Amino acid sequence: MEAVTPYATWYNGAYLITGILFILGLKYMSSPKTARFGNRLSMAGMVVALVATFAQGVVQWYVILAGLIVGAAVGIYFGKAVKMTAMPQMVAIFNGCGGGAAALVAMGELMKTLATANGSPLPFDFTFTTMLSAVIGSLSFSGSIIAFLKLQELMTGRPITYPGQQVVNAAVLLSILYCSFVVIVNGPNVLLHFALALLLTLVLGVLFVLPIGGADMPVVISLLNSFTGLAAASTGFVLSNNVLIISGALVGASGTLLTLLMGKAMNRSVTNVLFGAFGAVKASSAAASGGSSAEVRSVTADDTAALLAYATQVIIVPGYGMAVAQAQHSIRELEDLLEKRGVEVKYAIHPVAGRMPGHMNVLLAEANVPYTSLYDMDDINPEFERTTVALVVGANDVTNPAARNDKGSPIYGMPILNVDKAEHVIVLKRSMKSGFAGIDNPLYEDPRTAMLFGDAKKSIDAVNNSLKQL
């Protein structure tokens with residue numbers, strides 16, 4: 001024991017340093033100005049954790065080294081190859097991998113412990129945390145895969161519902177709880193019940209995300225991220241690994257907090273997001289026919305350029321349409337052209353714009369838009385009344401005045417960007433098709449609103465060319 005104590009103190013001290021670096025990294029990543037430094041602190045913490053784990057000799061050194069090489073290669077490749085517009089999909093996939101890894105580790109530890117137990121009952125704390133890690137990790141894995149498929153548009157982004165859906169989900173959940181109980185109390189056929197619980201949880205993860213529409217994806221991604229953190233923390237208890245407990249708890253807590261904040265930004269409870277099937281297509285709705293049939297006023301790129309050139313203040317409202325068209329660089333060029341003419345340009349960022357928290361901030365940062373030009377909803381809303389032109393680039397649901405004015409609207413009460421209070425509104429859209437929420441936007445029928453139809457990038461490029469000729 002005397003020879004082990006200093007060694008154990010050493011690597012536990014290293015894990016404590018890792019935890020401190022992770023906490024500081026999260027703190028610094030809360031601001032765009034210090035986010036890069038925060039990311040580097042977190043990377044340094046991970047290096048310390050890897051060295052400490054490597055030195056313990058948990059498994060043969062070449063196994064850890066092989067994992068490091070493969071993992072680093074995959075991370076570097078996707079970091080360079082994946083476009084910023086596809087960042088939500090990558091986050092979903094990586095998050096799912098984390099949950100799947102936690103489940104696999106739990107399964108491996110259970111099998112190893114059973115093999116060495118020689119029929120002796122397993123400790124309660126071990127079986128409980130093992131099942132917790134396996135169930136939450138599997139749920140995060142399969143749920144993240146469905147989220148990826150929806151974001152990548154490999155399947156419909158609309159909620160997928162069917163009669164008796166909640167009854168089926170409840171039956172699957174009860175079956176998982178029963179199988180987990182058998183494992184926890186060392187009942188008969190532990191491995192069989194563990195495998196059944198794992199399989200049923202994978203099914204539940206799919207059923208869990210299918211009825212959630214694309215408009216709610218920021219909340220879902222955040223929630224699944226918190227699930228992965230909880231799974232990692234549980235795995236830390238299984239392995240008696242302090243750094244996993246700390247890092248998992250940090251991810252779980254921050255993900256949960258972010259989920260609640262996202263729900264608040266939409267004025268909806270998390271349960272409503274998860275079980276409300278918001279955005280489901282109804283045959284009687286206008287959205288079911290592909291959008292509103294009301295008359296709208298359209299403008300050309302030349303008209304838009306002339307209006308912007310002589311504006312006092314322009315507020316740009318980015319949305320998912322900007323991400324799809326990859327128009328962020330063209331928008332940055334537009335900002336430069338307008339500022340040379342003395343026009344003040346600001347960006348209005350809604351908390352749930354895009355397909356993941358901070359999606360618009362990431363895209364605009366890629367185009368080197370100064371973070372000082374980005375304004376949160378609460379800060380920018382009072383500015384619209386003093387704004388000459390609000391330029392809406394593909395943001396549909398977060399600019400819908402029905403959230404304020406129509407008590408019968410599904411989004412009534414959701415805080416929105418008050419673009420309709422600007423002197424003029426220019427909306428860039430491909431068509432009059434409704435957004436992911438599946439409802440029409442009366443903003444487009446407002447006399448002060450004009451539509452610039454077409455691909456957002458091509459439209460902005462045309463506006464920029466016209467500005468250069470003025």
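Phenylalanine 128 has a relative accessibility of 37% and therefore counts as partly exposed in this predicted model. Phenylalanine 124, in contrast, is exposed, at a relative accessible area of 55%, since the cut-off for exposed is over 50%. Both residues belong to helix α5 (residues 124–151), where they are 4 residues apart, about one turn of the helix. Their ring centres lie 5.7 Å apart and their planes are at 20 degrees, so phenylalanine 124 and phenylalanine 128 make a stacked pair.

The whole structure contains 5 aromatic pairs. Another of them is edge-to-face, because the rings of phenylalanine 78 and phenylalanine 94 have their planes at 90 degrees, with centres 6.1 Å apart. This pair links distant parts of the chain: phenylalanine 78 is in helix α3 and phenylalanine 94 in helix α4 (residues 87–117), 16 residues apart. Phenylalanine 78 is partly exposed at 34% relative accessibility, and phenylalanine 94 is partly exposed as well, with a relative accessible area of 36%. Together with Tyr77, Phe78 and Phe94 form one aromatic cluster.

The most comes from α3, with 6 residues. Isoleucine 69, a residue of helix α3, is exposed, with a relative accessible area of 54%.

A contact of another kind involves tyrosine 375: lysine 346 lies over the face of its ring, 5.2 Å from the ring centre.

Definitions and conventions:
Residues are numbered from 1 along each chain as its sequence is written. This is a predicted model: local features need pLDDT of at least 70, side-chain atom pairs count only at pLDDT 80 or more; totals for chains, interfaces and linings use all residues. Side-chain values use heavy atoms; hydrogens and water are left out. Helices (H or I, at least four residues) and strands (E, at least two) are DSSP runs, numbered from the N terminus. Buried means under 20% relative accessible area, exposed over 50%, partly exposed in between (1.4 Å probe, protein chains only). Rings of Phe, Tyr and Trp (its six-membered ring) pair if their centres lie within 6.5 Å; planes under 30 degrees apart count as stacked, over 60 as edge-to-face and the rest as tilted. A charge sits over a ring if NZ of Lys or CZ of Arg is within 6 Å of the ring centre and within 35 degrees of the ring normal.
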